[in-house]
Amino acid sequence: MTAHLLSLIIFTPLLGALLILLIPKSQESLIKQIALLATGIVFLLALLTFQTFNPGQADFQLIEKAVWIPQFNVHYFVGMDGISFPMILLTALISLLACLGSFGIQERQKEYYFLYLLLETGMMGTFLALDLFLFYVFWEVVLVPMYFLIGIWGGPRREYAAIKFFLYTLAGSLLMLLGILALYFNSNPHTFDWTELVKNSFALGFQKMVFLAFFFGFAIKVPVFPFHTWLPDAHVEAPTPISVILAGVLLKMGTYGFMRFSYPLFPEASVWFRPFFALLAVIGIVYGGFVALAQTDFKKMVAYSSVSHMGFVLLGLAALTQNGWNGALLQMFNHGTITGGLFLLVGVLYDRAHTRDMNAFGGLSAQMPVYSGILIFFSLASLGLPGLSGFISEFLVLLGGYQYHKTTTALACLGIILAAAYLLLMIRRVLLGPLNKKWQSLPEINTREIFTLVPLMILILAIGIYPKAILHYMTPALEALLLKVGGTLS
Amino acid sequence: MIEYTPLIPLLPLAAFTINILFGRYVRRAASWISILASAGACVLSYPAILAVAQGGHFLKSWHWLTLGNYKLQFGYLLDPLSATLLFVVTLVGTLIQIYSVGYMHEDPRFSRFFAYLSLFMSAMLTLVISNNYIQFFMAWEVMGLCSYLLIGFWFEKDSAANAARKAFLTTRVGDVGFFLGILTLFVAAGTLNFADLESIQPGPAVLAAALLIFCGTIGKSAQFPLHVWLPDAMEGPTPVSALIHAATMVAAGVFLVARSFVLFARFPLCMGMITIIGTITAFMAAFIALSATDIKKVLAYSTISQLGFMVTALGLGGLSAGAFHLMTHAFFKALLFLGAGSVIHGTGTQDIRQMGGLFKKMKHTGATFLIAALAIAGVPPLSGFWSKDEILVTAFNSGNFLVYGILTFTAFMTSFYMFRLVFLTFFGTPRDSHVHAHESPAVMTGPLWILALGSIAVGLPGSPWMHHWFQNFIHGRAAAEGAHHAEETLNLTVMGASIAAGLAGILLAAWMYLGKQKRSEWILQKFRPLYELSANKFWFDEIYAAWIVRPFQTFAQFLFDFDQRVIDGAVNQTGFATLFASRIQMGFDKYIIDGGVNFMGLFTQFFSRALRRIQTGFIQHYLLFVFLSILLFIFIELRQ
């Protein structure tokens, strides 16, 4: 069973997708069941890795390698280490929950679930591929279903948002492709193999060029300021489950790329670009926070808060310390659970009220107490309340950042105040104050919706109280990587 | 019994979990779950307190997180300071929860109220026994959350919802400073344990850490300039004001200074800063309290002022004086708030101008309120007298006579505003015929009497009658022999001045408010500018709104516009530019390239059409062409 575990994780959704293609359109409930089953199996398989994954080992585990295109030395090469492990868990979990959250969608279900499962295959492959060619293929596989999922099932400006998302990210990925080819032709022997490439030491000038090429590919995905404007549009227009996937998993592909490829392959260039990286991170944190404060659209606010929170990941990376990296990877995971939850909650409200204008609400805490409690929980996690997971990762990032550069980190702390400001303003507008008469018949959150949120809440609370449990899987791999790059462990 | 210490915060946490998850089922039993948990914590803490009083010092910790090479250990630290706070928090906390049963009995969200209170108790107790800054900070923030939830408990009121947000955000400003202080300390000294503070090498980075950590106190203990949230926090139910915004949570800031005392005391600059902030706060808040008309607002400003006293004491090096006042204040201020709550419960109003003559109708409330007022005014031998006297002695002995003078004058103002409140509320004649007062039930007056007893008695361990037992206890017996002798010596001059200030305040209040009404109005006319200053609270809220909040919002809006127009604009412009370029290309393609191809086609077609005309199919025509061509050739040949 464990022999091809990673391949099973990658291709089970694809199998489900193909199965769905064979089923007539009218069998809607069967289609849903297959989708749920596929994502459920992937989740179980991801849990199964717990059994075989050795947290103490920094190297890749569960490796599978086969020749794919011998002419160009391209391999099907997948493996998992402490960096991809949390991402796989996150992807499996978010995909399962968002699948459950998709059940409200009524139009063109066959196509929807087909694309949805294809998307999951792409995401899993991206996090597990160790051959750059394979990585690029999966990276692009993600793009296509996403384009359709936003463009067909989205809101009123869905076509604009989908095209913007597609073209913007595609432009970035093409630069990345150039970088990958540059690496291929400059390595000796020519290879796309990560483990081989990492042994090469390229000249600094070359490193800088290719670093930048990769940077655009990843930075647009994260998104790093000033490449972030596709995100609010995509989020606002995307249907709820797709927003959840977008914030929960897709953004992490960018930061994962930095961690997996940019830093180990171009260690000198990473150090050279470090100040710019830190600067962009802090601008993102503060800028995203301020802009989130000015929003009246609930979903747009959460979207901009993502820009701010992903800034912390970058800051942790730029720190090049163990604390910073631990924090960065944990922040990727936590942002996925927290912001994923927030988007689900926005969706719950939108499905009932058909508006996202925060000023239109008020006093819902009396009308929907359970919903309010859960929303407050996720908001607190997002604003970094101790005892919940967001605090741990922000603390580690800031500690690491502080060891690197004090002023920058102190400025980043402004982001913490801003997070409290915009989230409490949201709570104030939506939940508190006198109940708006218009919403007197708004039904409470239902059981299915609660089911999609509770696992996230448990994770957020557990990591917040006992972070060692998850950090213990990440640290060895991060340490080894950090030593390669030349960072500090203290 | 010491090994059960971790249970002290865990019991209320369990109560919170039960009440928040199963509130719908436990209903009114929620109160008993919370109270039992709190009482259990109280019982469990007494063996610990006794052991500490016998000179014990207990530290136990568990590995929680690895920070690089440093292992962060969570655990408990029991020393005289934490023992004092354990005593105060568990006892006062339990009493206030019992009182709440009566105060909140009609509230539809009864179980949720007790859930929040239990969460608060858990966080506060975690903070009290914590052994390191991170655990302390985590509990500190959770208390901030409880404060937020409880201030906004009646969230249907806009004022309550706004006050909650204001409290959280204002304290968070201080908390971020505190957080940065922790980071600075860790980077500079490599430790976060309270036990290691003594061995830290002082340096500029450690000084910066100390100053930043103090920012936490400024926010949480509502010190100038971040004090603005506490008066608004009175929007919460009164038991909350008593427990969180008077007796315990706001005192956590003072506790932080006491905890970090060995660190702060190394730096005269830091101590000076603490003294200045504390003195300004003490004076300013007392001055505002002079003119407040809401019974809870008077008490809120009084709390700020008293916290200023404690902070000043610590800044001047009076660790035991500060801790002592913290303890006594917790009792009499909780009592004052609960008494105010009883008055509000009985009359349905908070405006003291509508009250008057309540003593006859509310004997228990009135008597206990009077005891607390005497205690805070500093009338011997009540608890407030001894602790306030300690602070004044510390100020006097430090040789800083400006501070001493200001504090003594503030003591005078304290007793004045307190008795203005007492006289307007309980004495004289009822001023509003719509108010029908009735005494509160025993579940509320019982805790009042126990707290009254405390307000009288908890000062005694620190009095000369018990040879300053409390002060020795705080410093540990060994230290008492050395550096802090000065604190112990009786200073009759200071004591006399303190008593005089207290009595003068009471007498002035009696003269102004018990006699003819004209007197207070005459004073008001006489000191109009000062009154305006006090009644408008130094315009702090207005200044912050105009200079901080609004620019902040404007800037946010500006950045959003910038984002839309410039950054997203650039993206869209790139898109449009590409589109435009592609149009040009398309035009080029259509007219030049494809045009060229089509032209070739048309050209060919045109000529073929022309040539077609000679393809007639008649053999005679072709022969004619041949004939004419031959003639043409011959003609050309012949010309050469």
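## Where the two chains meet

In this predicted model, 35 residues from chain B and 35 residues from chain A take part in the contact, where two residues are in contact if their C-beta atoms, placed from the backbone, lie within 7 Å. Helix 6 of chain B gives the most to the side of chain B that touches chain A, with 13 residues; helices here are DSSP runs (H or I) of at least four residues, numbered from the N terminus. By class, this side of chain B has 24 nonpolar, 4 polar and 7 charged residues, with Ala, Val, Leu, Ile, Met, Phe, Trp, Tyr, Cys and Pro counted as nonpolar, Asp, Glu, Lys and Arg as charged, and the others, Gly among them, as polar.

## A buried helix

All 11 of the 11 residues of helix 10 (residues 249-259) of chain B are buried, so this helix is largely enclosed by the rest of the structure. A residue is buried if 20 or more other C-beta atoms lie within 10 Å of its own, and among those buried in helix 10 of chain B are Phe255(B) and Arg259(B).

## Confidence and numbering

Chain B averages a pLDDT of 88, and 98% of the residues score at least 70, pLDDT being the predictor's confidence in each residue, from 0 to 100. Over residues 478-487 of chain B, however, the pLDDT is below 50. The model scores ipTM 0.92 and pTM 0.91.

Residues are numbered from 1 along each chain as its sequence is written, while chains are lettered from A and ligands numbered from 1 in the order in which they are written. Local features need pLDDT of at least 70 and side-chain atom pairs count only at pLDDT 80 or more, whereas totals for chains, interfaces and linings use all residues.

Notes. Buried ≥ 20, exposed ≤ 12 C-beta atoms within 10 Å, placed from the backbone. Helix = DSSP H or I, 4+ residues; strand = E, 2+ residues; numbered from the N terminus.
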